[in-house]
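Subject: Structure handover

Hello,

Here is the structure for you to take over. Please open it first, then read the notes below.

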Amino acid sequence: VAIDWYVRNWSQGVAKVYRPIDSSQVDALPDHPVLKLIAEPMPGLPANLVWGWFLQDYKSFGNAYLRKIRSTRDGQVIGLQFLPFDMVRPVGDGVNPLTMYKYTTDGRTFDIRLEDIIHLLWSRRQANKIEERAAGVTGSKKMKLKDHHKPNQKIILLIMPKRKKSR
């Protein structure tokens, strides 16, 4: 499937945020700040442009990055900057496999804290583990979205229905 299809159809999705109440109930959060970030990830740039770049890296290379832009006043996330996958490098310290990210552009390298990166990674091994835990959800492509700011929270899963093969 061409990348173009994903980019065109991304805008048709409706983002929703839910808070679990217990194991069988959720509460919708229609005013959650992440909804504004999804609708306008980078002020001044059309959202479809940012998400198009992000989806292209993810679908083509299995790796996509967003950097959280924070307010200097209170540290709240006010934007999401797309970072091309080939300009970002995960860095460890010999003990921990991941301690920060390095972003290189125009010959300059910038250190980015773990809590300021959202990394979408396609990993078949991880998808298999998730699939084993997700009862009744088989034959779907899994994506792992890890927010390093809250490592103890559950991984968000985006489950894409399996497409029928055309003849």
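Two strands count as paired if DSSP finds at least two bridges between them. Keep in mind that this is a predicted model.

**The three-stranded sheet**

By that rule, β5, β6 and β7 make an open sheet, in that order, with antiparallel pairing. The edges are β5 (88–91) and β7 (108–113). Each has a single partner strand, so one side of each is left without a neighbour in the sheet. Neighbouring strands here are turned by 25° against each other on average, direction ignored.

Strand β6 covers residues 100–105 and is joined to β7 by six bridges. Lys-102 has Asp-111 in β7 as its bridge partner. The two also form a salt bridge, with the closest N and O atoms 2.7 Å apart. Asp-111 is exposed, at 53% relative accessible area.

The loop between β6 and β7 holds Asp-106. Its phi is near 50°, a positive value in a residue other than glycine. Asp-106 is exposed, with a relative accessible area of 76%.

**Two hairpins**

β1 (residues 18–22) and β2 (residues 25–28) run antiparallel, joined by four bridges. Two residues link them in a hairpin. Pro-20 has Val-26 in β2 as its bridge partner. A salt bridge joins the side chains of Asp-27 and Arg-19, at 2.6 Å from N to O. Asp-27 is partly exposed at 28% relative accessible area. Arg-19 is also partly exposed, at 42%.

β3 (residues 63–70) and β4 (residues 77–83) run antiparallel too, with six bridges between them. Lys-68 stands opposite Leu-80 in β4. This hairpin has six residues between its strands. In the turn, Gly-75 has a positive phi of about 80°.

**Salt bridges**

How many salt bridges are there in the whole structure? The search finds eight. One of interest joins the side chains of Asp-116 and Arg-70, at 2.5 Å from N to O. Asp-116 lies in the loop between β7 and β8 (117–121), and Arg-70 in strand β3, so the pair ties together parts that are 46 residues apart in sequence. Is Asp-116 buried or exposed? Asp-116 is buried, with a relative accessible area of 11%; the cut-off for buried is under 20%. Arg-70 is partly exposed at 24%. Salt bridges with shared partners join Arg-70, Arg-113, Glu-115 and Asp-116 into one network.

**Helix α3**

Phe-54 sits in helix α3 (residues 47–61). It is buried, at 6% relative accessible area. Leaving out residues up to four places away in sequence, Phe-54 touches Ala-64, Tyr-65, Leu-66, Phe-82 and Leu-120. Phe-82 is 28 residues from Phe-54 along the chain, yet their C-alpha atoms are separated by 6.5 Å.

Leu-49 is in helix α3 as well. This residue is partly exposed, with a relative accessible area of 34%. Leu-49 belongs to a nonpolar patch on the surface, along with Leu-45 and Trp-53. Together the three have about 230 Å² of accessible area.

Over to you.

Best regards

Methods
Residues numbered from 1 in each chain as written. Predicted model: local features only at pLDDT ≥ 70, side-chain atom pairs only at ≥ 80, totals over all residues. Heavy atoms only, no water. Buried < 20%, exposed > 50% of the residue type's maximum accessible area, 1.4 Å probe, protein only. Contact = heavy atoms within 4.5 Å. Axes fitted to C-alpha atoms, helices over the stretch in contact; angles between N-to-C directions. Patch = residues over 30% accessible without salt bridge, like charges linked within 9 Å, V, L, I, M, F, W, Y side chains within 5 Å. Areas by Shrake-Rupley, 256 points an atom, 1.4 Å probe, with all protein chains shown as cover. Salt bridge = Lys/Arg side-chain N within 4 Å of Asp/Glu carboxyl O.
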